Each structure stands twice: as structure tokens, then as C-alpha cells.
Amino acid sequence: MSSETQNVPRHVAIILDGNGRWARERGLPRTAGHKEGCRAVEQTVEDAARLGIEYLTVYAFSTENWKRSAEEVSALMQLFRYYAKRLLVIAKKNNVRVKMIGERSAFAQDLQDAIRALEEETAQNTGLTFLFAVNYGGRDEIVRAVRRIGAECAQGMTAPADITEDVIAAHLDTAGVPDPDLLIRTSGEQRLSNFLLWQLAYAEFYFTDIYWPDFDRQELERAIAYYNGRDRRYGGVKDV
Ligand code: IPE
Ligand code: IPE
Ligand code: MG
């Protein structure tokens with residue numbers, strides 16, 4: 001099926017997985033898989049922009065990934081540093097707006113500055129919005145939101161009875177972003193691993209066995225074709 005004949009989901013979320021296994025199968029260090037994985041992210045941002053997807057969210061580092069070896073964590077931080085700069089060029093070229101979701105205060109100051117520059121210098125772009133989830137955890141995001149709502153209640157700015165689903169959504173890192181329509185996870189794993197717990201309530205799930213570094217435009221189009229074959233009922237009933 002060609003992409004022109006398809007209904008493109010407005011928001012695609014991806015749990016990129018399998019970088020380590022991709023590298024191991026080639027006798028390479030895990031870091032080599034992460035490098036190829038970053039290249040695949042770059043490519044996917046460009047492909048999503050060309051396909052007319054409005055929002056792309058990519059899960060690159062979870063609040064649980066700090067458990068990995070110091071070497072792997074530091075290699076990942078170095079890659080984020082490098083790709084934050086490259087992404088700025090790609091974002092400008094493709095009219096992409098970049099935003100980071102997750103708890104950024106855990107990062108070194110220079111990385112936080114690079115992330116802020118990436119967001120500020122692309123804020124006026126009008127094409128794809130690329131949400132980059134680093135040091136992101138769905139539960140951590142909900143805890144941070146609840147703390148802020150609690151503080152607003154304590155200050156008398158709002159009352160508990162006025163807390164609605166919209167209020168909670170507006171305090172999440174994804175405030176203002178529509179919920180994902182399609183979730184993709186690579187590498188054969190079929191779990192959420194703490195990704196967008198609130199926002200994925202009604203997303204369609206697409207799982208593929210390929211490792212993230214091998215993900216390409218054809219794979220993205222395959223996921224979109226799958227999405228097009230789904231009947232989204234949102235709890236209601238539809239005539240067939
Ligand atoms: C995904 O690949 C990248 C991150 C979670 C940072 P993995 O590093 O999890 O690769 P596998 O699952 O070990 O193959
Ligand atoms: C999920 O991948 C997190 C990211 C893609 C950033 P993991 O490889 O960390 O997930 P688990 O440990 O297999 O659940
Ligand atoms: Mg993994």
C-alpha cells in the first residue's frame with residue numbers, strides 16, 4: 001500500500017528497542033548499536049515529516065535506564081550531546097519543532113543547555129513536532145504533575161473538585177499535544193516499560209521483531225498500514 005492512499009496517524013509514538021541485541025549479533029559493543037539507533041532516529045524524524053505525521057514521540061532513555069553500566073550510560077549521554085547538535089540542523093532543514101519530555105535536571109548542565117537551545121531555536125517551526133523522551137518515565141511524569149497540582153491547591157489557585165482529566169493532561173510533559181494514535185515497539189518486546197502511561201489509553205499498538213537500528217521508512221509505512229486496518233471504537237459500538 002502506498003503512503004498516499006493511507007490515513008496517516010496524527011501522533012506516532014515509538015519505543016525504540018533492540019540496539020544492544022543488534023550490536024551483539026554483529027559482535028559489536030552495545031554502544032555501536034546505540035550509534036546506529038541514533039542514525040535511525042534521525043532518519044525516522046525526516047520520514048515522519050515527509051509522511052505528514054504531526055507529532056512523533058520517541059522513547060530514547062527511561063528513568064530506569066540509569067541501572068545500566070556506568071560505561072553504557074556515559075556513552076548514551078555522549079551520543080545525546082552529539083545528536084542534540086545534529087538534530088538542530090535536521091530540524092531546521094525539515095521545519096521540525098523539537099521538544100524534550102522527561103526530567104531534564106538529572107543531566108549535566110551543558111546537555112540541559114543544548115536541549116534548551118534545540119527547543120528554543122526550533123519553537124517557531126510549523127511542521128512535525130518531535131518529542132524526544134529522555135530520562136522519561138510515565139509514573140515519574142504523573143508524580144511530577146500531581147505535585148504541581150497539589151501545590152496549586154495548597155496555594156488556593158485550584159480546588160480538588162476542579163481537577164479533571166483535562167487538568168491532569170495539562171500538567172503532564174505532553175501538555176497541548178494530542179494523545180498518540182499509534183504506538184510502535186521494535187525488537188519483539190510487547191510491553192510499555194513505563195512509556196506514556198496516561199497518554200496511550202486508546203492508542204493502537206504495533207509490534208515488530210526487527211531491531212531498532214534496522215527500522216526504516218518501509219517499516220514505518222508498514223506500521224501505518226496496520227493502523228489503517230484497525231477499527232477504533234473508544235469504548236463505543238460501531239456498525240460494520
Ligand atoms: C534501546 O535499545 C535503547 C535504550 C533503551 C537506551 P536497548 O539498549 O534496550 O537494546 P536491547 O534491548 O538491549 O537489545
Ligand atoms: C525501554 O527499553 C526504554 C526505552 C526505549 C528508552 P528497555 O530496553 O529499557 O526496556 P525493558 O527493560 O526491556 O523493559
Ligand atoms: Mg531494550
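Which residues are around ligand 1?

1. They are Leu16, Asp17, Gly18, Asn19, Gly20, Arg21, Arg30, His34, Ala60, Asn65 and Arg68, where being around the ligand takes a heavy atom within 4 Å of it. Keep in mind that this is a predicted model, with local features needing pLDDT of at least 70 and side-chain atom pairs pLDDT 80 or more, while totals for chains, interfaces and linings use all residues. Residues are numbered from 1 along each chain as its sequence is written, and side-chain values use heavy atoms, without hydrogens and water.

2. Now the polar contacts (pairs of N or O atoms within 3.5 Å). A backbone N or O atom of Asn19 sits 3.1 Å from an oxygen atom of ligand 1. The side chain of Arg21 has an N or O atom 2.7 Å from a ligand 1 oxygen, and for a polar side-chain atom of Arg30 the distance to a ligand 1 oxygen is 2.9 Å.

3. Helix H1 (19-25) and helix H2 (30-51) each give two or more residues to the shell around ligand 1; helices here are DSSP runs (H or I) of at least four residues, and strands (E) of at least two. H1 has the largest share, three residues.

4. Two backbone spots are worth a look. Most residues other than glycine have a negative phi. Asn95, though, has a positive phi near 60°, and Ser187 has one near 80°. Asn95 is in the loop between helix H3 (70-93) and strand S3 (97-101), and Ser187 is in the loop between strand S5 (182-185) and strand S6 (204-207).

Terms used. Chains lettered and ligands numbered in written order. Polar contact = N/O pair within 3.5 Å; in protein donor to acceptor, adjacent residues only side chain to side chain.
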